[in-house]
Amino acid sequence: MTDDPGTHMAVLQDGPEIAAGQVLLRAERLKKYFPIKHGVLLQREVARVHAVDDVSFELRAGETLGLVGESGCGKSTLARCISRIYEVTSGTLTFEGKDITNYSRRKLRPVRRDLQMVFQDPYASLNPRKRIGAIIADPMRIHHVGDRAQIRDRVLELLEVVGLSAEHVNRYPHEFSGGQRQRIGVARALALRPKLVIADEPVSALDVSIRAQVINLLDDLQDDLGLTYIFIAHDLGVVRHVSDRIAVMYLGKIVEISPAEELYERPVHPYTEALLSAVPVPDPDLSAARQQIVLEGDVPSPISPPSGCRFHPRCRYATDICKTEEPQLTLRGSVGHLAACHHPLSVGARPPESAAAAVTGQ
Amino acid sequence: MAAIAEQVSTTELRPAAAGRNPWALAWRRLRSNRIALAALGLFILIVVVCLAAPLYAHDLAHIGNPLSPNLNGTTVANGKVVPIMQEGGGILHLGETPIGPTWSLGHYFLGADGLGRDVASLVLYGGRASLQIGLASAVICCVVATVFALIAGFFGGLTDTILSRIMDIVWSFPVILLAICIATVLLTQPNGVKVGFLTIYATSLWVPTFIIALIYVPYVYRPVRGQVLSVVQKEFVEASIAQGASNFRLIFSEILPNVISTVIVLLPLITATNILTESALSYLSVGVQPPNVSWGTIIADGQDLLYTRPWVSLAPGIMIVLTVLALNVLGDGVRDALDPRAKLRVK
């Protein structure tokens with residue numbers, strides 16, 4: 001399947017290809033604040049939820065960026081900002097060299113063809129009143145791609161590509177299982193032959209036994225079609241399999257971004273370390289021997305995030321500087337391994353643990 | 001690749017399996033609900049019987065328009081020709097009563113009213129007006145309310161606030177008072193009131209239709225708007241936004257099909273309410289105006305004869321009860337059919 005990328009997508013071939021390895025998407029100082037309003041007639045803004053706060057990263061064509069973090073850390077909001085479902089508060093978003101941050105809906109339409117999303121909940125992301133054929137054909141109808149017969153052929157083709165059969169076209173979403181529905185979501189995202197697919201927790205809502213199926217499907221499609229992915233998940237185990245690079249988010253910020261294997265072997269940020277220690281290991285002996293880092297307390301409120309390093313109230317290495325000074329993403333260790341921490345791990349600058357342990361009571 | 005291409009061609013030969021349409025499933029559930037089906041049958045029967053009014057009134061043709069007074073007329077009862085107004089004369093004196101039910105088709109089946117008109121034909125013709133007003137106002141009301149609810153729920157913010165406050169104002173209006181005002185204005189204008197290119201006459205059935213439709217818009221608007229608000233949050237709407245769909249497409253292709261079941265459930269219930277409201281307004285003589293009759297006006301006319309000829313008021317009353325009952329039972333059945341989980345929750 002790998003020798004001949006995208007032959008069955010020939011119907012929609014168009015536009016200059018961005019060579020693999022070139023920057024496809026760049027986010028700079030991206031912010032998304034949700035205002036909290038009070039009052040009946042004159043709505044005053046009383047506070048803001050800092051859902052995504054100052055996030056910058058680059059995505060190269062053909063790679064997969066894994067995005068991990070706890071629930072409520074802003075992963076999904078970031079995804080919706082990139083696909084411009086939400087308007088960003090500030091910052092710039094560059095896609096294929098064009099600044100699309102302030103594109104109008106009309107101007108954005110051609111961009112949307114190249115930028116598709118797979119959603120988290122396969123039960124909510126398909127319109128229950130539409131037939132599968134109509135759901136997959138929708139992107140093509142919206143963008144006026146192909147005539148009726150071409151669209152029909154393409155729908156059947158896409159169903160095959162994602163491992164469903166052509167006889168399913170006239171069925172309704174309620175007649176499918178979760179895994180099958182997610183495949184339909186994938187087919188819809190691929191309909192316009194996008195360059196970038198943002199998969200927002202595509203397997204979180206699925207049964208464990210079919211997670212691997214969907215992940216492998218996405219992986220195979222990437223090889224076949226030369227796709228670029230942003231793959232969101234809340235545990236590192238799932239992203240490890242597919243990602244080239246991984247970004248770890250905490251409370252609206254990227255705290256560490258690194259090549260995938262590097263991150264697993266040498267986590268620099270204490271939060272990453274804690275996340276990694278929570279990944280289940282399928283070996284009871286190893287599992288027992290391993291030290292599991294349990295983070296105390298809850299994620300602080302994104303309405304009034306902690307000062308300095310946002311992780312400091314839960315960090316076992318935190319010192320005074322963490323409370324006052326916000327760490328910036330800086331190069332730690334090897335190429336492309338960035339982390340925002342005053343006391344990075346694995347680079348020899350670890351502070352005496354005793355002081356920190358006294359604070360957290362460990 | 002080749003394998004995939006081959007698969008496509010082989011599967012294309014197979015006919016695509018027909019999906020089980022949610023509407024078809026709902027219809028099947030409704031069909032298995034005998035009580036709801038009986039209610040539907042009863043309602044259709046009432047509609048058909050009222051539409052067939054001229055067939056009954058055919059035998060009355062000798063007296064001309066069955067809705068015009070017939071104080072001097074005669075009819076046949078027990079093979080004898082009898083005057084419609086008992087105890088003599090052409091003028092309704094004290095002590096004079098119209099003829100009672102003859103129970104023979106075409107000959108004052110349910111007797112005559114104070115003007116010597118055939119009550120049975122009045123009930124049938126009146127039913128036409130009542131049903132027409134009830135159904136037309138329900139449809140108008142639901143369409144208007146759904147459009148407003150879609151706009152308010154989809155755009156939210158200021159649009160939603162303004163529309164919802166307007167609905168609150170309409171909701172707070174006493175329906176009878178509004179009808180009295182409009183009817184009074186129209187009745188003082190024998191040549192009708194001109195609104196743009198339209199001329200509205202006081203006797204037009206559209207006057208009560210629009211009054212009733214307007215009054216009940218908030219009752220449909222509220223639940224539908226709530227439904228829209230919840231559907232807008234769904235991921236399939238976001239998916240459609242991410243694909244670049246227009247607002248029009250989002251509203252009518254994504255959201256409307258998911259809220260229309262709420263409207264369909266409300267439709268028979270609103271129709272029933274509207275028929276009741278129409279009767280109330282007509283009874284107070286601010287609804288249907290003469291020469292038209294409706295169930296409400298017949299009840300009002302029969303009020304004076306309640307002791308001597310109760311059928312004049314009873315017949316349209318029974319028709320109203322049957323129609324409203326049928327529509328309410330049907331509405332319950334439709335709701336159970338469209339949302340089977342709701343029934344489980346109640347049980």
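A: His144(A) counts as exposed, because 7 C-beta neighbours lie inside 10 Å of it; here a residue is buried if 20 or more other C-beta atoms lie within 10 Å of its own, exposed if 12 or fewer, and partly exposed in between, with C-beta atoms placed from the backbone. This is a predicted model, in which local features need pLDDT of at least 70 and side-chain atom pairs count only at pLDDT 80 or more, while totals for chains, interfaces and linings use all residues. Residues are numbered from 1 along each chain as its sequence is written, and chains are lettered from A and ligands numbered from 1 in the order in which they are written.

His144(A) sits in the loop between helix 3 (132–142) and helix 4 (148–161) of chain A, where helices (H or I, at least four residues) and strands (E, at least two) are DSSP runs numbered from the N terminus. Although His144(A) is not a glycine, its phi is positive, near 50°.

From that loop we can turn to the sheet. The open sheet has 8 strands in chain A, in the order 6-7-8-3-9-10-12-11 and with mixed pairing; two strands pair if DSSP finds at least two bridges between them. Its edge strands, each pairing on one side only, are strand 6 (115–118) and strand 11 (330–331) of chain A.

Strand 6 of chain A pairs with strand 7 (residues 196–200) of chain A in the parallel sense over 4 bridges, and within this pairing Met117(A) stands opposite Ile198(A). Helix 5 (residues 178–190) of chain A packs on the sheet, touching strand 6 and strand 7 of chain A, and its direction makes about 175° with that of strand 6. Contact means that C-beta atoms, placed from the backbone, lie within 7 Å, and angles run from 0 to 180 degrees between the N-to-C directions of axes fitted to C-alpha atoms, for helices over the stretch in contact.

Strand 7 of chain A is largely enclosed by the rest of the structure, because 5 of its 5 residues are buried. Leu196(A), Ile198(A) and Asp200(A) point one way from this strand, whereas Val197(A) and Ala199(A) point the other way.

On to the next neighbour: strand 7 and strand 8 (residues 228–233) of chain A pair in the parallel sense over 5 bridges, with Ile230(A) in strand 8 as the bridge partner of Ile198(A).

Technical notes. Two residues are in contact if their C-beta atoms, placed from the backbone, lie within 7 Å.
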